[in-house]
Structures are given as C-alpha cells and as structure tokens.
Amino acid sequence: MILKANCKINLGLDILRRRPDGYHDLETVMFPVAGLYDLVEVTPAAGRDVEFVQQGIVVDCPAEANICLRAWRLMRDRYGVGGVRIRLDKRVPFGAGLGGGSSDGTAVVMALNKLFGLGLSEAELIARAAELGSDTAFFVRNTPQLCTGRGEVMAPFALDLRGLTLVVIKPSEGVSTREAYAGVRPRVPEVPLAERLRRPVGEWQASVTNDFEASVFAAHPAIRAVKERLLAAGALYASMSGSGSAVFGLFDGPAPEIGLCDGEFLHRETIGSSE
C-alpha cells in the first residue's frame, strides 16, 4: 500500500497562552497542500518485526527515531499489528513548519488500520495520531481545519481557495520547534482568527499573523527576506508556515517567476487542481 503523505500550511497562527503541562494553547487553520507530499509504502512482512527504508531527502534523525517507526510501534503495542516493511520516499523538506514528518506518521497509522483490518473509526484514528505529535491528527481528515489546544483539537473550517496559486519556498536554513517556541510571546488577539479568515484573502495581510514570525525573523533574516520577495512579487498574502522556516504566498492566478537563492526549495501549485 502506497500513500501520498501531503504536507500543510498554517493560515494564521496565534499562540494564546502557556499551559501548566509546558505546551502552549494555540489557534490556527491548517490547510492541506495536495501537490507536495512524501510517498509512504507499507507492506506486510513475515514475523513480528519492522523493516524501514528511507529514500529521498535525508532526515537529520536516527532511523530508529523516525516517526514512521514510532507509529508502527504505537499500533503494535495498542492493536497487535504484525511485521511490515515501511519505505519512506522523503520529498517534503523538514525543519520547515510544513508538517511533513507528522503526515508520514499519520500515513503509517492509516495504512496499518487498512492492512490489518482494524476498522478504527475516525475518532480512534485521530486519537492514535495525536499520540505521535501536535500536527499529526490533522492529516486524518486532511481538509481545512480550525485547530486549537496544542493543535490536536479540530473543527472543520469552510475555506475556498480554489484557483489561487500557492508558492512555497523553504530557505536553506531550518528552525527547530524548540527555538521557535523559546522566542514567542503568548497573547490573545481581540478578534478571533476564524473571524479574520472569513474576510477576503486580499485583507489577510494586515490581520492574519503568525506569532512565531517576530522572533524567527529576528534570528533568521533570510526567512524574512523570502516573505518580502513573495509580497514584492504580488502575493495577496504571504506568511511563514508553522514554526518555519518555509514561507508561502497566495497569488490570484499564475504566480510570476521568483528568483531563488542558493539552497532554497520551491513548490508551486494551483489550489484545487487535480493531481
């Protein structure tokens, strides 16, 4: 079984408060990026062990710590699933705020549910995925979701961006989640994010913000420069995704050619177009 583990962008990201458990309460709308994905292949294997093969972009963590293996161990311990071979073809940049790793872990959970006939409900799949991280649950539904709590509490959010061109650029440098949270200052905005996102996209730039940007941009001017280039190229809206370092722009119609600096990654797609 081969699944396309697509990534996401964050449309607005408000860090509301620090929680007693050390996490932060946040509010964001996660939006799937259909055309940028990893390939996750999961096939049954003899015995009770797992074989993991990674291709494509090299991830900076030991293979045994990869979220795909953590997902298999979770499902083995919870439901007794058997041995499998997992092949990950990594195409989504990591350290980007695009949720590529989270999507991979959820893809394994979804694949194991089908391969072993577990018949888990959506609620159960969301609960298992949420055990792997904060963004993972989103990829069970993989549709625009208003996410609260630490990102795992979801509600469908009606948002039609079809026909807009999405451009994603990731600079060569990355941002760790720990670094991003270390510089953030929690606040509760006067107007809730959902209300601001119901305005026309052309009005978002003045009101739909990512609370990670201030500290991340101060420490990483190259990331700020990407956002400035997208806006200068005519983006209706541009923002860093998640905790960075990827930045995206939304364009009305085809986006112009945007020059890239050394080591930058570029993805563009028309939202709503068939894959």
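**View 1. Four aromatic pairs are found in this structure.** Rings of Phe, Tyr and Trp (its six-membered ring) pair if their centres lie within 6.5 Å, and planes under 30 degrees apart count as stacked, over 60 as edge-to-face and the rest as tilted. Take Phe138 and Phe139 to begin with: their ring centres are 5.0 Å apart and their planes stand at 75°, so this pair is edge-to-face. Are these two residues buried or exposed? Phe138 has 0% relative accessibility and counts as buried, and Phe139, at 7%, counts as buried too. Here buried means under 20% relative accessible area, exposed means over 50%, and partly exposed is in between (1.4 Å probe, protein chains only).

A word on the model: it is predicted, so local features need pLDDT of at least 70 and side-chain atom pairs count only at pLDDT 80 or more, while totals for chains, interfaces and linings use all residues. Residues are numbered from 1 along each chain as its sequence is written, and side-chain values use heavy atoms, with hydrogens and water left out.

**View 2. Tyr181 and Phe212 make an edge-to-face aromatic pair.** The ring centres of Tyr181 and Phe212 are 4.9 Å apart, with 85° between the planes. Which parts of the chain does this pair tie together? Tyr181 belongs to helix α5 and Phe212 to the loop between α6 (193-197) and α7 (213-219), so the pair joins parts that are 31 residues apart in sequence. Helices (H or I, at least four residues) and strands (E, at least two) are DSSP runs, numbered from the N terminus. Tyr181 is partly exposed, with a relative accessible area of 25%, whereas Phe212 is buried at 2% relative accessibility.

**View 3. The largest nonpolar core has 33 residues.** A nonpolar core is a set of buried Ala, Val, Leu, Ile, Met, Phe, Trp, Tyr and Cys residues joined through side-chain atoms within 4.5 Å. Look for Val40, Val42, Ile86, Val108 and Leu112, which touch the most other members of the core. The elements giving two or more residues to this core are β2, α1, β4, α2, α3 (122-130) and α4 (138-141). Which element gives the most to this core? That is α1, with seven residues. In soluble globular proteins, nonpolar side chains tend to be buried together.

**View 4. The largest pocket has a volume of about 1,100 Å³.** A pocket is found on a 1 Å grid over the protein atoms alone, as an open set of points where a 1.4 Å probe fits, with protein on both sides within 12 Å along at least five of seven lines; lining residues have an atom within 4 Å of a point. Grid points are joined across faces, edges and corners, and the volume is the space filled by probe spheres set on the points. The lining of the largest pocket has 44 residues, and Gly99, Ser102, Asp135, Thr177 and Ser243 lie nearest the centre. Two or more lining residues come from each of β1 (2-18), β2 (24-44), α1 (67-79), β4 (84-90), α2 (100-115) and α5 (177-182). By class, the lining of the largest pocket divides into 17 nonpolar, 19 polar and eight charged residues. Ala, Val, Leu, Ile, Met, Phe, Trp, Tyr, Cys and Pro count as nonpolar, Asp, Glu, Lys and Arg as charged, and the others, Gly among them, as polar.

**View 5. The second largest pocket holds about 160 Å³ of space.** Its lining includes Leu3, Lys4, Phe139 and Asn142. The largest share of this lining, five residues, comes from α2. Five nonpolar, four polar and two charged residues make up the lining of the second largest pocket.

View 6. Asn142 has a positive phi, near 60°, in a residue other than glycine. Asn142 sits in the loop between α4 and β5 (145-148) and counts as partly exposed at 26% relative accessibility. The peptide bond from Gly244 to Ser245 is cis, with omega near 15°, and Ser245 lies in the loop between β8 (237-240) and β9 (247-252). Most residues other than glycine have a negative phi, and most peptide bonds are trans.
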